[in-house]
Amino acid sequence: MSVAADEDRLTSRDVLYVADKKTRSEPCCSTLKMFIVALSFAYFSKALSGTYMKSAITQIERRFDLSSSLIGLIDGSFEMGNLLFLAFVSHFGAKMHRPRLIGIGCFLMAVGSLLTGLPHFFMGRYKFDTVIQSWENDSMRISPCLDSRAAQDHPEVQIEISQDIDADCVRDSGSHMWIYVFLGNALRGIGETPVTPLGISYIDDYAKAENSAFYIACLQTITLLGPMFGFLLGSMCARLYVDIGFVDVESVTITPKDARWVGAWWLGFFVSAGIMLLSGIPFWFLPRTLPKQGELPNNPYTLPETPAPGTDANAAKLAAIAKGFLPCLKRLLSTPAYFLLLCGVVLKFNSFIGLLTFKAKYMEQQFGQSASRANFLIGVLNLPVVAVGIFLGGVVMKRYKLSVVAGAQLSFLTSFAAYLLLLLQYSTKCDNVHVAGLTVSYNGTPGVSFDDHTLFSECNRKCSCASDEWDPVCSQNGITYMSPCLAGCTGSTGHGKHTVFHNCSCVLDSSPVDGSTSVSLGQCPRGPDCSRSFTSYMAVSVLSSFINSLGTTPGYMVIIRCISPELKSLALGIQTLVMRTLGGIPAPVYFGALIDSTCLKWGTKRCGGKGACRMYDTDMYRVIFLGLITCLSGCSYFFIMAVIVLLKRQFDREKATPTEQGRAPTPPGGAIELLHHHQHPHPHPSPHPKEEGVPNALAAACEMSKPQACSEEQAEGTEGDAEPQHSPSPPSTPRSSSTARTASPPSLGRVDEDQSENPDGGSDENQHTDPKAGPPEG
């Protein structure tokens with residue numbers, strides 16, 4: 001008897017088993033695995049590029065003389081570009097050549113990064129205000145404090161300076177080069193759109209059900225390396241001078257800790273552009289479709305090719321989607337648990353984005369760290385513990401088989417514990433740097449002043465000093481003066497960065513060593529107490545990041561289980577849209593605006609107008625920055641606690657229902673699907689089985705839902721929107737989602753059996769993870 005005759009008498013499950021057995025010896029370098037390797041590199045590249053942008057914020061702000069609010073708007077342009085095409089690409093991209101679309105996206109991201117760094121070559125050399133640069137001459141000594149008689153002795157210097165300023169104004173008046181940074185970042189956001197949704201759906205379409213979750217988990221793991229290398233790249237570039245290779249670095253009189261220092265911000269964008277360009281090349285050589293993993297190319301169960309857009313059938317499906325979208329959206333938003341959770345997530349995401357964007361700057365201003373060191377510590381200390389915490393959170397959920405209520409409780413407890421640790425950062429602080437006329441008076445009395453008139457005193461009244469100068473010098477008594485002129489200095493020795501100014505009339509106490517009243521270039525260093533405070537701050541920050549990340553995976557599972565099954569894809573898409581619209585775009589802007597309100601001394605552009613801030617009131621900076629984060633996070637916990645109460649009530653109701661009907665109750669440790677309260681608890685199984693090739697099990701759930709508001713096409717259409725989540729799922733997550741389906745009531749037994757046979761079942765949650773998820777980074 002032939003094998004074909006034997007197969008005719010086998011069940012559908014056995015036929016699939018035989019087909020899998022025929023091709024059990026799969027090549028180690030199959031096309032699908034090559035695609036996964038290429039996609040992993042693309043994930044790594046886009047994460048590196050995104051975090052480098054965060055690390056270069058301070059350098060861009062100083063180079064273009066921008067305020068923090070405007071630099072926050074530039075940072076949010078990535079989300080603007082991404083949201084502009086997210087829904088379109090996610091839906092229609094599935095009908096096209098997905099690997100090539102991903103390759104096009106990588107190319108656009110490379111062009112965006114290239115465009116961001118390109119203004120460096122059109123802006124000329126970076127010039128900062130310094131008395132050394134203006135007056136330095138080997139044949140004459142520098143006398144910063146010039147009275148009217150001394151100014152007449154050096155008219156040539158005055159004329160030369162004014163001519164240089166006029167020439168610079170003519171060049172700068174028509175140039176707003178920061179717009180290119182804005183457009184480049186937005187273009188990078190547009191290019192990122194197809195990578196996540198199309199890449200995940202491609203893997204899920206052609207991989208085995210048991211392999212799909214593993215492949216996606218590998219993507220998340222590799223993605224976590226991107227932010228770490230992005231901050232390390234930012235640290236390296238911030239240590240290099242902006243015009244390295246074009247000027248003699250030894251002639252530069254400022255250090256990386258100076259408020260005027262600008263690192264080689266452009267270099268990192270060119271590096272990330274090259275990496276993104278390389279990551280997109282393999283996708284051009286990958287096929288549009290593949291045979292299902294484990295099946296022969298001519299297998300009848302192979303995923304059929306989706307009809308091209310524009311056909312009559314596709315147009316009918318689009319019309320059905322448009323008709324059913326609003327009812328589905330209404331049902332989704334009328335689910336109390338989801339709506340409350342969405343409000344809490346938006347508040348939490350706002351605090352996270354603000355912390356991620358300005359954390360390095362906070363470390364610079366509060367503790368006197370350089371931008372290079374701040375980025376290095378974030379990349380080496382904070383991000384690795386976040387990756388470990390996310391993984392351990394998934395292990396805990398798998399090991400103890402946590403229900404949705406237990407997962408919500410674990411997520412809340414870990415997040416709240418990290419919140420309490422965040423409150424400890426209020427006590428880890430450094431005092432304001434003593435700057436005469438800003439934080440202390442010229443006689444040494446502490447007191448913060450925002451008035452320019454306090455910059456002048458009797459000791460420098462006769463000097464021809466400008467209030468907008470910023471060339472700080474440090475005296476022996478620990479007080480910093482804004483410029484040698486405001487310090488009342490009349491002489492100097494040395495050359496370049498080793499110049500020392502003497503006979504400074506505003507220096508109260510003479511040096512105990514030589515009795516001179518001299519000052520040296522640069523701000524006065526902070527004391528040893530500040531170093532100890534910074535060590536405590538980093539310890540609390542790392543511990544808080546780890547504890548917070550433990551609840552990332554359980555919290556993500558709550559989001560996808562607190563709603564009806566047919567609404568999962570739409571719910572994740574709406575969540576992504578709301579988070580980015582209400583969090584990713586406005587948060588950097590209003591965080592930056594509040595930080596600007598603490599500025600004590602603004603820089604001045606060459607043609608007039610306010611430039612970048614040179615010095616902040618660190619006490620007020622700390623209160624506003626940490627206060628805004630704690631207020632947003634604290635308010636989110638009220639919504640999360642309400643969600644836990646609702647889930648617990650629903651859990652108890654679902655647990656008691658089988659007992660009332662004479663059936664065994666759901667095991668306490670098992671996960672359940674929390675259906676919408678308007679939906680019948682035991683829907684009848686659909687007579688139409690789910691077609692092969694639908695990327696997830698949502699289509700079957702839509703068919704079995706009583707209100708026919710969602711269609712299979714909508715589940716596919718909204719799948720892409722749901723991709724960019726900010727909570728990556730570890731490899732253990734799919735096990736929990738599988739448990740959720742097998743723990744359904746007996747009336748759903750047939751549907752569960754069909755879903756278990758479907759190669760795509762059990763991985764629908766994992767399709768919506770976002771590798772971009774930053775650390776609670778703290």
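I worked from a predicted model in which local features need pLDDT of at least 70 and side-chain atom pairs count only at pLDDT 80 or more, while totals for chains, interfaces and linings use all residues. Residues are numbered from 1 along each chain as its sequence is written, and side-chain values use heavy atoms, with hydrogens and water left out.

Entry on A110. I found A110 in helix α6 (residues 98-117); helices are DSSP runs of H or I, at least four residues, and strands are runs of E, at least two, numbered from the N terminus. A110 counts as buried because its relative accessibility is 6%, where buried means under 20% relative accessible area, exposed over 50% and partly exposed in between (1.4 Å probe, protein chains only). Leaving aside neighbours within four places in sequence, I listed A273, M276 and L277 as contacts of A110 (heavy atoms within 4.5 Å). I also looked up F270: its C-alpha atom is 8.5 Å from that of A110, at 160 residues apart along the chain.

Entry on the cores. A nonpolar core is a set of buried Ala, Val, Leu, Ile, Met, Phe, Trp, Tyr and Cys residues joined through side-chain atoms within 4.5 Å. The largest has 78 residues, and I60, F64, W265, M363, F625 and L647 touch the most other members. Helix α16 (residues 336-367) gives the most to this core, with 13 residues. Apart from it I noted another core of 30 residues, among them L455 and F501.

Entry on the sheet. I read an open sheet of five strands in the order β2-β1-β5-β4-β3, with antiparallel pairing (at least two DSSP bridges between two strands). Its edge strands are β2 (480-481) and β3 (491-493).
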